[in-house]
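Dear colleague,

Please find the structure below, handed over for your work. My findings follow directly after it.

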Amino acid sequence: MVIPTSMPVVDEEMEKEVLRVLREEFFVGGKSVEKFEEEFAEYIGVDYAVAVSSGTDALVIALRCLGIKGKVIAPPMTFVATIESIVLAGAKPKFADIDADTWNIDPKEIEKAIDKDVEAIMPVHLYGLPCEMKEIMDIAEEKGLYVIEDCAQAHGAIYDNKKVGSIGDIGCFSFYSTKNMTVGGNGGMITTNDKKVAEMAKLLREHGGSNFAEYIGYNARMNTMNAAFGRVQLKRLDEWNKRRKELAKMYHELLGGIDKIKLPIIDERHVYHLFVIEAEDRDGLREYLRSKEIFCGIHYPVAIHELKPYREYAEKNYPNSEHHAKTCLSLPMYPTLSDEELKMVCDEIRKFYGE
Ligand SMILES: Cc1ncc(COP(=O)(O)O)c(C=O)c1O
């Protein structure tokens, strides 16, 4: 039996909706995209949602909408697109290390990173756990900084009665295939309460206003079939997140007490996009599990400031991110993972460590 790291769910209603809009609509944009935007905005609890063609586009467009050209504080432990988007938008990343236990950007490090050129903070709700948004919003307010939440891994996560994506100035989501919800391909969403941002985002995603261009924009429109698929996925999201939380609790019960591994924190706010541990002999464990047809991921093997295109932005070492990159391992986590499969994974991990 093969157990992958993650697996999207495709059901009959999704297939039916995709075929229906293929026949009835015009492939790009249109009614299904508008409905998806309305439903997503309502779900997140914001006034506006603007659908785009990827999470990366969402981040680039968000930065452009706020006119950010200076420095943006972001963590070095994230998917490369977070930092890439800052450079693509014409701004500069400024790294702030993660906390050693939550693996999210550390507000104390944000405070230390602030200088006169910093214009925004881009917290990443890594693996599905919301960042310490109260502290981050307090810092932003005090220093007059924008906050763009990278919510690519945290659809539906709630912090202090608010969904992530509704707390900062703008929220950016990815619907890439492995996310907690997908559009059956690439896709992204920008969420905001700012009407001007929403209007500009709509222009930027379509060549800055197309034949009447007001800006130099992008071709970042969402395909109609992706929106149709995403609308059905959105209806399932809460139920899937509930299952992810159950699986995370089981992992905790079954892996507790192994001193060679560190488990992620158990937190009601966490939606466990990934179930990441820090492991001694991480690569050995991964190889051993692979030999048993259990496939684990590494998110992420190199901290971004150590990657060639981004080294120039590193001002020092970021030890928590560097340590995490060397030890992190993403265990199988998806809503259709069965209790038995999860137990097999845990048994094999115990065997590997001779427990
Ligand atoms: C934290 C983070 N930010 C940004 C992105 C970029 O999203 P996309 O792949 O849809 O461009 C992703 C996912 O891929 C991500 O995990």
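Helix H3 (55–65) and helix H4 (80–88) each contribute at least two residues to the shell around the ligand; helices (H or I, at least four residues) and strands (E, at least two) are DSSP runs, numbered from the N terminus. This is a predicted model, in which local features need pLDDT of at least 70, side-chain atom pairs count only at pLDDT 80 or more, and totals for chains, interfaces and linings use all residues. Residues are numbered from 1 along each chain as its sequence is written.

The ligand is surrounded by 15 residues, of which the closest are Ser54, Gly55, Thr56, Ala152 and Ser174. A residue is near a molecule or strand if its C-beta atom, placed from the backbone, lies within 6 Å of it. By class, this shell comprises five nonpolar, nine polar and one charged residues; Ala, Val, Leu, Ile, Met, Phe, Trp, Tyr, Cys and Pro count as nonpolar, Asp, Glu, Lys and Arg as charged, and the others, Gly among them, as polar.

The protein is divided into domain 1 (12–232) and domain 2 (237–352), with bounds from an automatic or database domain assignment. Their C-alpha centres lie 24 Å apart. The contact between them involves 31 residues from domain 1 and 28 residues from domain 2, where contact requires C-beta atoms, placed from the backbone, within 7 Å. On the side of domain 1 that touches domain 2, H4, strand E3 (92–95) and strand E6 (158–159) each supply at least two residues. E3 gives the most, with three residues. That side of domain 1 has 19 nonpolar, seven polar and five charged residues.

An open sheet is formed by three strands in the order E10-E11-E12, with antiparallel pairing; two strands pair if DSSP finds at least two bridges between them. Strand E10 (261–262) and strand E12 (328–331) stand at the edges, each with a single partner strand, so one side of each has no neighbour in the sheet. E10 is joined to strand E11 (residues 275–279) by two bridges, and lysine 262 has glutamate 278 in E11 as its bridge partner.

Finally, leucine 63 touches Ile68, Ser85, Ile86, Ala89, Ala91 and Ile148, not counting residues up to four places away in sequence.

Yours sincerely

Terms used
Two residues are in contact if their C-beta atoms, placed from the backbone, lie within 7 Å.
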